[in-house]
Amino acid sequence: FIAGSAPSNYGATSPLPNPLWSQVAVQLARRLPHFVNINAEEEDRVVTESVDLSSESASSSCSIHPDTNIVVGLGISSSAEQEQFSKLLQSTTSLQAVLCDPTCHPDVFKQQFVGDYKLSGVNALSELFLQVAPWTTYASHARLLEKTKILLARKSSEDYIFAVLFALHGLVMPIDVVKSDINPSWEKGVTRNIQEFSKMVNCCGPQIQAALTDPKSKEAIDKLNALDLRDQVGSYRVIVSYETPQLEDFTLCILQRNNCFNCASPILQQPRVPVLKEWRGKPLTQEASRQILMGHLDHPESLQGQEDYSWKIVVGANPAYDAFPMQHQTFYPSTGKSMWYDPVFCVETLEGELIWCQRHYRCIPRKHWSGQTAGAWTLTTLDNGMVSEEQWTTVDAADDLEWAVLHYSGAAQKAGQSYVGALLCTQDGKWPASAPPGSDIWNRIQQAFRNCDLELWELFGGSYEQSFMWSEEYTKWAETHPPPLQQIGDISITKWRQKMREQEKALQNS
């Protein structure tokens, strides 16, 4: 990752917007290996480094390893930076891709290439070749570059990391996190596409017919086919914009029951996020860890229940899941040691309409890598036909429950998606009043996110001064469209989804 001096415009809705590109480069270089080496015990499969060209003293002594395979330019703008960037590219003999974020100078941007496809060589003849020979390596590399450009335009660490992961997987070595692909593609080859299509028809013919004959479901499928479903931001927004019983039956049959695409995305085990050890001056117990999750819920087992929910999310780190506004978390006891988790969140559909969405998770205590059980949970749900499993960790929490920081790492394994994130939660969704920038509590929250492998400028949702999650526009809408905060209760996830589908079908037929 090679950083220049252009303004980053990174983390626009974070507590610390616009970090230097040099800071971003260091953080991306640190985080990327955690998406490649799934377990801490694995031998390093990728080596990363960051280079800062933004200061004259730094740039004069810069170098990169001669065996570098992929270079990512970040904010390379001045003529001196451009010159040094070009020299660095010439110093490696193994270069297979150059990627650039949109803040780079146009002349730097033109130096992008992936494998055989170079932006500097694009002309009318090459564009015609892409259309008439989409099966070629040249065309495959062109599609890969276009995919990375889309991701690098989004200004989130997750998207930047996945841009590099796609390039690594397509050019250098297989990467488990992105190897599963449920889209038909030239990269798979004709034989594999036919085999997958045949399995879909043989196993799920009625569900396919029902989805394709329902206009809303067919539109969703068309939009999903236009995306790479490993693009979690784009695909999840389509899915929540077009929730129909037919689409859920379609995905449940094809992905979950029959795994027609042989997907097996892993739950990432790195970084090794520490669990909260002590709370209120005592070792964390299972009972206390439940009370932290229950937060402010009005329930006999909670410590200070006043609300219809446990927490509201202030900021989060995952662009696909944590960026939805007005997120309410409700944790409540089930039988034995398990709990239920019913999140409710607002979604702006592709048509610009605001709607509420609700999910239902089972929460079971799990053994943390440190050996402790209290504060570590496994959450499972069925989301539009896809089963997701997540490992949650309580990282820190105020003694008075003014705030809590929670980390999760999960996967919709048969949909080919792995994801990580972390959340700051409070009672009202606003930044804690006791944590102005630079205060001890601010620093404690910052350290909690660093324990999750995250910097504050990587988060979404707002800051001490302003909330984007709970803006006036959203809260005014919520006054006339209250969230469905009633607890789903002791009903299995499958039965609840079946009940919801029956209600939706009844509405469609009415």
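Let's start with helix 1: at 1.5 Å a residue, its 16 residues should span 22 Å, and its end C-alpha atoms sit 23 Å apart, which agrees. The expected span here is 1.5 Å times one less than the number of residues. Helices (H or I, at least four residues) and strands (E, at least two) are DSSP runs, numbered from the N terminus. Helix 1 is mostly covered, with 13 of its 16 residues buried. Buried means under 20% relative accessible area, exposed means over 50%, and partly exposed is in between (1.4 Å probe, protein chains only).

This is a predicted model, in which local features need pLDDT of at least 70 and side-chain atom pairs count only at pLDDT 80 or more, while totals for chains, interfaces and linings use all residues. Residues are numbered from 1 along each chain as its sequence is written, and side-chain values use heavy atoms, with hydrogens and water left out.

Asn-9 is not a glycine, yet it has a positive phi of about 50°. Asn-18 is in the loop between strand 1 and helix 1 too, and its phi is positive as well, at about 60°. Most residues other than glycine have a negative phi, and most peptide bonds are trans. Asn-9 is partly exposed, with a relative accessible area of 45%, and Asn-18 also counts as partly exposed, at 47%.

## The whole protein

Zooming out, the protein has 16 helices and 19 strands. For 510 residues, a compact globule would have a radius of gyration near 24 Å, and the protein has 24 Å, which agrees. That radius is taken over C-alpha atoms, and the globule rule is 2.2 Å times the number of residues to the power 0.38. Along the principal axes, the C-alpha trace spans about 65 × 60 × 45 Å.

Of the 510 residues, 57% count as buried. The accessible surface comes to about 21700 Å², and 51% of it belongs to carbon and sulfur atoms. Those areas come from the Shrake-Rupley method with a 1.4 Å probe; for residues, only the protein chains shown count as cover. As for contacts (heavy atoms within 4.5 Å), residues 24 or more positions apart account for 65% of those with a separation of 6 or more.

On the charge side, there are 42 positive and 59 negative side chains, and the centres of the two sets lie 6 Å apart. Lys and Arg count as positive and Asp and Glu as negative, with His and the chain ends not counted. The place of a charge is taken as NZ of Lys, CZ of Arg, CG of Asp or CD of Glu.

Helix 7 (residues 157–171) has 15 residues, which at 1.5 Å a residue should span 21 Å; its end C-alpha atoms are 21 Å apart, which agrees. Helix 7 is mostly covered too: 13 of its 15 residues are buried.

Pro-271 is in the loop between helix 12 (245–257) and strand 7 (278–279).

## Some buried spots

Thr-244 sits in the loop between helix 11 (232–241) and helix 12 and counts as buried, at 2% relative accessibility. Its C-alpha is 9.0 Å from that of Asp-214, 30 residues away in sequence. Gly-385, in the loop between strand 16 (376–383) and strand 17 (386–397), is buried at 0% relative accessibility. Leaving aside neighbours within four places in sequence, Gly-385 is in contact with Glu-248, Thr-251, Leu-252 and Gln-256.

Met-294 belongs to helix 13 (residues 286–294) and is buried, with a relative accessible area of 1%. Beyond its neighbours within four places in sequence, Met-294 has contacts that include His-299, Phe-331 and Met-339. Finally, Ser-467 lies in the loop between helix 14 (440–450) and helix 15 (472–480). Ser-467 is buried, with a relative accessible area of 15%. Setting aside neighbours within four places in sequence, Ser-467 touches Gly-429, Lys-430, Gly-461 and Gly-462.
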